[in-house]
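Work through the exercises below with the coordinates open. Try each task before reading its solution.

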Amino acid sequence: MLESLYHQKKITMIKTMTRSAKIFVLAFSSFFFSQNVFAQSYSLNNDTSFLEVHGTSSLHDWHVDAQQQMGTADINTSDALEINALNFSVVSESLKSGKSGMDKNTYKALKTDDYKTIDFKLTKVNTVDKLTDNSFKVSAVGDMTITGVTKAVPIDFTFKLQGNQLLVEGEKPLKMTDFGIDPPKALFGTIKTGDEINVVFKAVYQTKK
């Protein structure tokens, strides 16, 4: 009888341990899922994104359009918006003005033989202000690299979640000389480009497949 009681207690203990293990697995799975379900990675869609550089000269205003871009982003929306990573690159010789002479001077100023891309990498998010359920105003800092020179630049942009896309939109004034660039000249120096430029962008990132 004592032996039977012992076996009964042993079976009860095993069942209790099994139930506890199941509860632990379910709890862990639930926690893991809740921590990661809202984390998402994106890649930049070159076809639907645009980036323009606007500037001035002693003759007229000008702008160039970026025709080749790439980039990635990682965000988390489990509670508030968290931008874990955001970057983009522009192929330097994909900047086009529609005028071959101007493009040639631009590539010379950007030293495209040595530096193939213009790069931006987000390094710090200062503030995120919610505008609507799916859109935010972000104040941040990032490393901008042009002609091999990297500068930390403050930047503000709007950030919008739209289906499987996120839209990053804004503009940023820069000085060419801050990156070691001599403003291009034309017609034997009679036409001079202004030092200040304004970068206008709308980057469209889509979820990775």
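Helices (H or I, at least four residues) and strands (E, at least two) are DSSP runs, numbered from the N terminus. Residue numbers start from 1 along each chain, as its sequence is written. The model is predicted: local features need pLDDT of at least 70, side-chain atom pairs count only at pLDDT 80 or more, and totals for chains, interfaces and linings use all residues, while side-chain values use heavy atoms, with hydrogens and water left out.

**Exercise 1. Overall layout**

Task: State how many helices and strands the chain has, and in what order they run.

Solution. 
- Step 1. The count is two helices and twelve strands.
- Step 2. Read from the N terminus, the order is α-β-β-β-β-β-β-α-β-β-β-β-β-β.
- Step 3. Burial comes next. Buried means under 20% relative accessible area, exposed over 50%, partly exposed in between (1.4 Å probe, protein chains only). By that cut-off, 34% of the 209 residues are buried.
- Step 4. Now take the contacts (heavy atoms within 4.5 Å). Among those with a separation of 6 or more, 58% link residues 24 or more positions apart.

**Exercise 2. Strand β2**

Task: Assign the two faces of β2 and find the strands it pairs with.

Solution. 
- Step 1. In a regular strand, side chains alternate between the two faces of the sheet.
- Step 2. β2 covers residues 50-57. Its covered face holds L51, V53, G55 and S57. F50, E52, H54 and T56 form the uncovered face.
- Step 3. Two strands pair if DSSP finds at least two bridges between them. β2 pairs with β12 (residues 191-207) through seven bridges, antiparallel. There, H54 has N198 as its bridge partner.
- Step 4. β3 (residues 62-66) also runs antiparallel to β2, with four bridges. E52 faces D65 of β3.

**Exercise 3. Helix α2**

Task: Locate the buried residues of α2 and say what they pack against.

Solution. 
- Step 1. An α-helix has 3.6 residues a turn, so residues three or four places apart point the same way.
- Step 2. In α2 (residues 100-110), D103, T106, Y107, A109 and L110 are buried. They lie on the same side of α2, because their arc around the axis is only 160°. The arc is taken over the directions from the helix axis to the C-beta atoms.
- Step 3. K104 and K108 are exposed on the other side of α2.
- Step 4. The buried residues of α2 pack against β6 (95-96), β7 (117-130) and β8 (135-146).
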